[in-house]
Protein chains: 2
Amino acid sequence: MQFTLEHTDPTTDARAGVLTTDHGQIQTPIFMPVGTLGTVKGVHQRELKEQVKAQIILGNTYHLYLRPGMEVMEAAGGLHKFMGWDGPILTDSGGYQVFSLAHRRKITEEGATFASHIDGSKHLFSPESSLGIQRTIGADIVMAFDECPPYPSTRQYAEKSMHLTHRWLERCVSFMRGSQPRYSHSQALFPIVQGGSYDDLRVKSCEFIASQDQPGNAIGGLSVGEPIPDMYRITKLCCDILPKEKPRYLMGVGTPANLLECISRGIDMFDCVLPSRNARHGMLYTRDGIINIRNAKWKNDHSPIDDHPAAAPTSQLHSKAYLCHLLRCGELLAGQLATLHNLTFYLSIVREARQHILDGSFTAWKENLVPLLERKL
Amino acid sequence: MQFTLEHTDPTTDARAGVLTTDHGQIQTPIFMPVGTLGTVKGVHQRELKEQVKAQIILGNTYHLYLRPGMEVMEAAGGLHKFMGWDGPILTDSGGYQVFSLAHRRKITEEGATFASHIDGSKHLFSPESSLGIQRTIGADIVMAFDECPPYPSTRQYAEKSMHLTHRWLERCVSFMRGSQPRYSHSQALFPIVQGGSYDDLRVKSCEFIASQDQPGNAIGGLSVGEPIPDMYRITKLCCDILPKEKPRYLMGVGTPANLLECISRGIDMFDCVLPSRNARHGMLYTRDGIINIRNAKWKNDHSPIDDHPAAAPTSQLHSKAYLCHLLRCGELLAGQLATLHNLTFYLSIVREARQHILDGSFTAWKENLVPLLERKL
């Protein structure tokens with residue numbers, strides 16, 4: 001995997017780069033739609049490529065390990081073939097889901113034991129088993145197995161957890177060195193900075209993570225309920241330490257405004273369920289603010305969902321009244337159209353950010369746009 | 001509306017024709033996907049046109065009257081504009097739904113009063129109000145308001161009900177003569193033959209319906225639970241009486257085999273929820289038989305869902321294992337892919353039937369195919 005930094009904004013730390021994987025190039029900054037179970041919910045792979053213009057998608061190790069399971073995944077020849085997506089894929093380590101979804105979890109030095117949220121069956125995830133699973137899934141970028149401490153956590157808990165994540169990281173690095181990709185493409189490991197909301201721990205964690213000299217680095221444990229100013233402060237703190245010549249991935253963030261603020265602090269990659277999950281509940285992001293399309297005020301509004309030329313073609317074609325109707329009726333097409341809308345919006349925002357970084361107009365553009373994004377329409 | 005009969009099969013009564021509406025031509029025999037609430041569940045309009053190759057779709061008057069309601073429909077400029085579908089549309093009269101879905105229904109000479117299945121609100125459908133609603137929806141083909149007797153019905157009930165349907169038809173014809181289309185395209189009325197499972201009533205009903213000299217004719221009250229041989233016998237009986245130079249529409253039928261058998265008896269148009277509803281439950285129709293894709297036997301089968309060149313592109317691209325996984329996980333994409341599959345299959349079957357009618361090879365083709373269609377794979 002190669003990362004080429006094309007330009008850094010002179011007044012902020014925003015960067016435009018190109019990440020090259022065996023499944024193609026990714027122009028950064030980038031947002032990665034979440035495809036938990038081998039599908040971005042409600043969006044077919046062709047639409048994902050042609051309409052949303054996704055360049056890389058995310059799969060969830062925990063979910064794919066439980067369903068369809070690794071026997072099926074291996075027989076398919078990996079996730080790319082299983083789901084019919086030939087672009088780059090990143091998989092998380094399963095760590096976050098073990099802590100947020102699974103039952104009866106227990107953390108030891110070895111790893112985390114847990115009971116499946118589906119059938120209660122008992123499993124162990126360790127640095128080695130998580131990466132073994134990620135070898136079988138075959139993502140282009142695989143994530144180190146970490147513990148994500150909840151917010152708030154005591155300093156003592158955050159510190160102990162951070163050290164465990166660091167020891168697990170050493171085992172992840174060893175496992176990757178000692179194993180081969182299962183398929184014909186290469187896989188890059190991204191370690192994850194932890195340390196909760198404690199600046200000194202974050203500094204220590206960044207230094208340790210940087211010392212491992214992996215192809216890219218991630219910041220975890222944000223967007224877990226901490227105040228937004230904390231998220232921005234820690235993001236900046238980490239970006240100042242993590243090496244400039246490698247991509248920086250801020251995990252699980254966030255709103256469109258969060259993305260722009262974190263791009264300006266030096267982040268290159270994002271993933272988040274917000275645009276797709278909120279879409280299914282009728283919350284649409286636009287350049288003018290947020291539309292709750294279920295709201296009665298849209299019932300008889302026959303203007304396009306979004307007439308911006310970068311909006312999803314279906315959002316330019318269909319009216320607010322139509323989508324309001326579909327959503328209120330619980331129609332499948334509501335989720336499809338709303339998800340297409342939000343994901344296309346997210347991708348258009350990061351694409352535009354990139355262009356403004358290259359043009360040198362990023363700050364002015366961002367300062368103008370951010371206040372509009374959070375308005376309720 | 002114009003109907004041109006291109007060819008009639010020499011050994012059966014199968015016909016190939018062209019139906020011309022202000023929204024385009026329809027090559028018959030044709031299957032009409034059901035778009036109850038202004039959407040064919042899980043299929044976007046573009047896919048419906050480009051992948052399924054639908055030539056006409058059906059909307060439900062009862063459902064659209066309740067949601068979004070006629071105020072929204074009129075403000076949208078009719079259903080074509082509301083849903084963004086510029087091809088032909090047919091609407092049923094609401095009669096069938098009043099009898100199958102609504103609560104506290106009461107039939108009088110005037111019409112049918114009923115309580116909405118959504119909020120219990122009270123409404124009256126009459127021949128005039130049903131067609132008034134259909135004027136507002138703006139379908140190219142509108143259906144007469146009828147009573148659909150349940151199966152089984154006594155001869156007395158079926159006869160009384162048939163006469164009521166006939167009297168209502170006269171009011172429908174008057175209403176259409178005395179009113180104008182609300183939009184710039186014309187609307188054709190199709191009357192509906194009733195009479196239950198009683199051959200003599202069906203004969204009487206066909207003669208009455210034919211005497212009204214409307215642009216097309218429909219056969220109702222079949223596929224309501226009667227034995228399949230009865231459906232075929234009555235279909236033939238009706239086709240022998242209904243005028244040859246007008247399209248014949250068999251309402252609510254049926255399986256792929258039902259379609260072929262009824263095409264061979266002289267039917268030109270079909271609609272049915274089977275392919276779309278069964279798709280959402282994982283039942284897929286193919287040229288080799290029926291696949292229940294939820295079944296564990298497909299979990300690790302990585303062959304295409306259907307590799308026939310006329311199958312949906314997504315069925316040729318994706319594996320049985322992938323669709324099995326999506327369906328078992330309750331993923332939205334499962335419904336999308338399965339519905340695309342079944343509807344594309346139905347449309348390919350009627351397209352192929354048409355080609356064989358024109359070629360003179362219909363009977364041999366049908367006799368060979370029908371036994372395969374009903375096998376469980």
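Q: How many residue pairs are in polar contact across the interface of chain A and chain B?
A: In this predicted model, the rule finds 12 residue pairs in polar contact across that interface, both residues being at pLDDT 80 or more. On the chain A side, helix 1 (45–50), helix 3 (70–76), helix 4 (79–83), helix 12 (313–317), helix 13 (320–328) and helix 14 (332–359) each supply at least two residues of the part that touches chain B, and the largest share, five residues, comes from helix 13 of chain A. The residues of this side divide into 16 nonpolar, 13 polar and 10 charged.

Q: What area is buried between chain A and chain B?
A: The size of an interface is often given as the accessible area lost when the parts come together. Here the area buried between chain A and chain B is about 3,200 Å², with carbon and sulfur atoms giving 57% of it, and the contact takes 39 residues from each of chain A and chain B.

Q: How many salt bridges are counted between chain A and chain B?
A: Side chains of opposite charge can pair when their charged atoms come close. Between chain A and chain B the count is four salt bridges, and Lys41(A) meets Glu331(B) in a salt bridge at 2.5 Å, N to O.

Q: Which parts of chain A does the pair of Arg182(A) and Glu74(A) tie together?
A: The closest N and O atoms of this salt bridge are 2.9 Å apart. Arg182(A) lies in the loop between helix 7 (155–177) and strand 11 (188–190) of chain A, whereas Glu74(A) lies in helix 3 of chain A, so the pair ties together parts that are 108 residues apart in sequence.

How values were computed: Residues are numbered from 1 along each chain as its sequence is written. Chains are lettered from A and ligands numbered from 1 in the order in which they are written. This is a predicted model: local features need pLDDT of at least 70, side-chain atom pairs count only at pLDDT 80 or more; totals for chains, interfaces and linings use all residues. Side-chain values use heavy atoms; hydrogens and water are left out. Contact means heavy atoms within 4.5 Å. Buried area is the accessible area (1.4 Å probe) that two parts lose on being put together, summed over both. A salt bridge is a side-chain nitrogen of Lys or Arg within 4 Å of a carboxyl oxygen of Asp or Glu. A polar contact is a pair of N or O atoms within 3.5 Å; within protein, one must be able to donate a hydrogen and the other to accept it, and residues adjacent in sequence count only if both atoms are side-chain atoms. Helices (H or I, at least four residues) and strands (E, at least two) are DSSP runs, numbered from the N terminus. Ala, Val, Leu, Ile, Met, Phe, Trp, Tyr, Cys and Pro count as nonpolar, Asp, Glu, Lys and Arg as charged, and the others, Gly among them, as polar.
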